[in-house]
Amino acid sequence: MKRRFMLGALLALVVSALAAGCGGSSKSSESDNGGGSAKKKVTLQLKWVTQAQFAGYYAAKEKGYYDEEGLDVNLKVGGPSITPEQVVLGKQAEFGIDWLPSLLASRDKGQDLVNIAQVFGKSGMTELTWKDSNITSIAQMKGKKVGVWCCGNENELYAALNKNGMDPKKDVTIVNQPFDMNLFLNRQVDAAAAMTYNELAQVLETKNPKTGKLYQPSDINVIKMDDAGTGMLEDGVFVRGDWIADKDNQETAKKFLAASFKGWIYCRDHVDECTQIVLDNGPTLGKGHQTWMMNEINALAWPSKNGIGVMDKADYEQTAEIAKQFGVISKEPSTDAYRTDLAQDAVDEISAEGSDVNGNDYKKPAVKVTPKGA
């Protein structure tokens, strides 16, 4: 009898342990995904290396916004030789970040990609020339060495060259730029591509060997693609068309966008903390540089008249028109190149929770340049 009792007690313990293994962690699982299942794993392919350009996504991960939506998001870093469209088409990532003209160019070649959110509402691309070069416009670049990044980053410049009657393959010497500005600083190119939030700061953070002081804005000409008439939308979120056709994936996308938008809102309102979040993820450039970048990135995203991430139809049509007019794409893009319903649903959700999705009161503060971006 005693033996039978001991066996029964042992069996009860085993059953209890099994229950704990299967159901005892359900509280943890429910907190992970609100319904008892494990978080859904997805990957976001970034357009460039770790930096404040992507602060909103890093913040969404760090602050637990993706966790709250039941997502386990892998942020996959990019670089000058990585084309996000190819990564997403190769099913190595569900989401990608890239510029709209690059997406339209991919679709022009028959690749089924769809923009589902447009985070940046302005172009941050420029070409830099030295003041003493007397090159103050795109038209004056004929016969010159012109630096730009490959893999879809060249479209705004190529459109500007075409607009000024130049064939990028014949009338200028295109030089593939690395991620630094050494070619420009060493005067190995006559003009160099520079984002307002990155490479422009890299130049201003460098000491002028002739003066022993940092280069000044007065030392360079900044030729903005917006001023050249070919500024196009940058940094949107895109997916494969066949992937987003699935309703379950649409729900996943809404959750991803809601969390990401909350990350961008947090970075608008907590610049120093978001800069530190980026620094904690190991960027190649330092605190001063990332602070400059965070400031300039916010200026590209805010204010957002339709709500963060919701594509403005007029802005889309302007980008598509420029891309078509100046040879980035060969034909008018089809109407399904982008959709706003998923971003709108995400914006409505977080707005109902009290988030300021427009940032109408946003004003860009001044940020000082630091030597070497330290």
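Which residue in strand 9 stands opposite threonine 126? Select both and you'll see: threonine 126 faces lysine 224.

Before moving on, note that this is a predicted model, where local features need pLDDT of at least 70, side-chain atom pairs count only at pLDDT 80 or more, and totals for chains, interfaces and linings use all residues. Residues are numbered from 1 along each chain as its sequence is written, and side-chain values use heavy atoms, with hydrogens and water left out.

**Stop 1: strand 5**

Now pick residues 125-130, which form strand 5 (strands are DSSP E runs of at least two residues, helices H or I runs of at least four, numbered from the N terminus). Six of its six residues are buried, so strand 5 is largely enclosed by the rest of the structure; buried means under 20% relative accessible area with a 1.4 Å probe, protein chains only. In a regular strand, side chains alternate between the two faces of the sheet. Color Met125, Glu127 and Thr129 for one side, then Thr126, Leu128 and Trp130 for the other: both faces are covered.

**Stop 2: the neighbors**

Strands pair if DSSP finds at least two bridges between them. Next, show strand 8 (residues 192-195), also antiparallel to strand 5, with four bridges. Here threonine 126 stands opposite alanine 194.

Technical notes:
Buried < 20%, exposed > 50% of the residue type's maximum accessible area, 1.4 Å probe, protein only.
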